[in-house]
Structure formats: structure tokens, C-alpha cells
Amino acid sequence: MQQSYEIRPLTRGEIDTAVAWAAREGWNPGPQDAACFAAQDPSGFWGGFLAGEMIACISVVTYGEAFAFLGFYIVDSAHRGQGYGYALWQRALEHAGQRTVGLDGVVDQQDNYRRSGFDLAWRNIRFGGVPKAALKVSDAYTLTWLEGLTDDVAALDARVFPSARPDFWQQWLCAPGHVSIAAYDEGGICAFGTLRRCQTGAKIAPLVATSRAAALAVLAGLLRDWPADQEIFLDVPDPNTVAVDLARDLGLQPVFETARMYRGRKPEVARDLIYGVTSFELG
């Protein structure tokens, strides 16, 4: 590893470059991802620079005082296996301090992550494809368009995510190309979700619901104006068998999977409510 190697936080423009790298890797990011992710923690994105040129990137985005999430770990192919990535990994993790850190990593890197103190919690499966049939909204639910974070959405999100994330949500819900809906029954909120256009198709991310029927109601609303011949993607926790069956019933097929791992105390989250993970980069 050359002595001219520099590690530092990324500028806003360099975060855009990291997202472009993610697209190059086939991770299918959305065009608004950089702005949304940076809103949560502008200092959470790091790069490794050789002679002034970025050759590696990573994010360790913090949420409050207790949780952080690692993503965007990419090293330029010409510089892999030379220690640049690992040096960046170690420095960026210092940004997390004593927080629990989560990540969604490719399965074949589990052993490497384990050596860095991460333990497997569950698998996430990405399902993708063209939905095989149009969905109809049940009369049992009332759908509301979300243009900003509401108290009831924040309360339901707190059941599936380890920390409050209002800054992220405000950016996510208002981003161009994002459509967000909440579903209510006579007992109150029972589901919410976002459709975000991506490089290919759209991701339903997140999709949180107290039942399969509520998840279907939000999906029906989100896909009402979505072209019938275009792909959608759902990133589903494997332990939530109801969500897995729903994805399959929609005609979607497994196309990718990750290992959800944590360093530190594993947070308690209601996996049975997660029908679509927000992001493999931010948790």
C-alpha cells in the first residue's frame, strides 16, 4: 500500500460518485439515494484516495447514539487485494464509536465480516420481476399519500428499525421519483411503503405491515400507476415466511441475497413486520 494513500470523509459530489459505483456493481440504486443517505449523516461517507483519485468508498451512517449501518463498501477492481479497502474499513468504523453496527453483505464475505466482529442475524432475499397480476385495494383499508413523516408512521417504523431516523425520512418521503403510502384500518395505521424508481425498475422500499393483507393494500396503491410490464424489487427478510410467500405469489423470483450481520448487541426488531427492507446500504 502506497504512502500517498489518504482516507477522509466524502464531499457531497463524491457521494454521488459512490452511488454511481454502486450502479456499476449492479446494486441498482435510485437517482435520489445519495441525497437521502447524506441527509441522515453527512459525515458518514468515506473514501480512500491514491494520488488524489478515489479508489475506494464505504459508508458508516450513524443513527442517534446507539446504532450505525455500514454500506457502499467498494474498492476499484485495479486496487483490490492490496490493503486499501481494509484500511478504509477500519478508519470508517471508528466513526461509529461504540455503537452497534449493522450491514447487509454478500453471503460469500460472511467469514471476513465475522473476523471483524460481525455476527449473522438473518438472510435477506431480493425478489424481482414483473408482477403477474394487477392488485386491488381492499375496502378494509384507507390509503393516504405520505408527503412528510407523521407520528404514526414514525411509531410503526420504530418497531422495525433500531433508532429514530427523522432526517432520513423527511428527505426520503419528498424525493423526486418516490411515492409513499400509508394504510389504515379501523384500528389505525397498519402499513406503509415507498416505491422508488431505480436504475432498473423500482424498489418497494421500505414495506412495513402488520399483516399480509395490509402489505397488499399498500402494494396495490403504490403500483396503481406503475407500468404493468416493468420490474419491481422487494428485499425480504428470509425469516418472514409470510413476506417471502407474498413475493413469490406476486410472481417475483429470487435474484440476489445478503447476510444481515451486526457488530455489538443485536437490536430487537419485529422482522415479521418487514415485507421490504429500506436499503441494503442503510438498513
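**Exercise 1: a helix pair**

The crossing of helix 2 and helix 6 is right-handed, meaning that the near helix is turned clockwise from the far one by less than a right angle. Helices here are DSSP runs (H or I, at least four residues; strands are E, at least two), numbered from the N terminus. This is a predicted model, where local features need pLDDT of at least 70 and side-chain atom pairs count only at pLDDT 80 or more, while totals for chains, interfaces and linings use all residues. Residues are numbered from 1 along each chain as its sequence is written, and side-chain values use heavy atoms, with hydrogens and water left out.

Task: work out which residues make the contact of helix 2 with helix 6.

Solution. Start with the axes, which are lines fitted to C-alpha atoms over the stretch in contact, with angles from 0 to 180 degrees between N-to-C directions. Those of helix 2 (residues 33–40) and helix 6 (residues 166–174) come within 7 Å and cross at roughly 160°. That makes helix 2 roughly antiparallel to helix 6 (angles over 145 degrees). Next, list the contact (heavy atoms within 4.5 Å): helix 2 brings Asp33, Ala35, Cys36, Phe37, Ala39 and Gln40, and helix 6 brings Asp167, Phe168, Gln171 and Trp172.

**Exercise 2: one residue**

Task: find what Phe168 touches, leaving aside its neighbours within four places in sequence.

Solution. On the helix 2 side, take Cys36, Phe37 and Gln40.

Note on methods. Angles under 35 degrees count as roughly parallel, over 145 as roughly antiparallel, 65 to 115 as roughly perpendicular and the rest as oblique.
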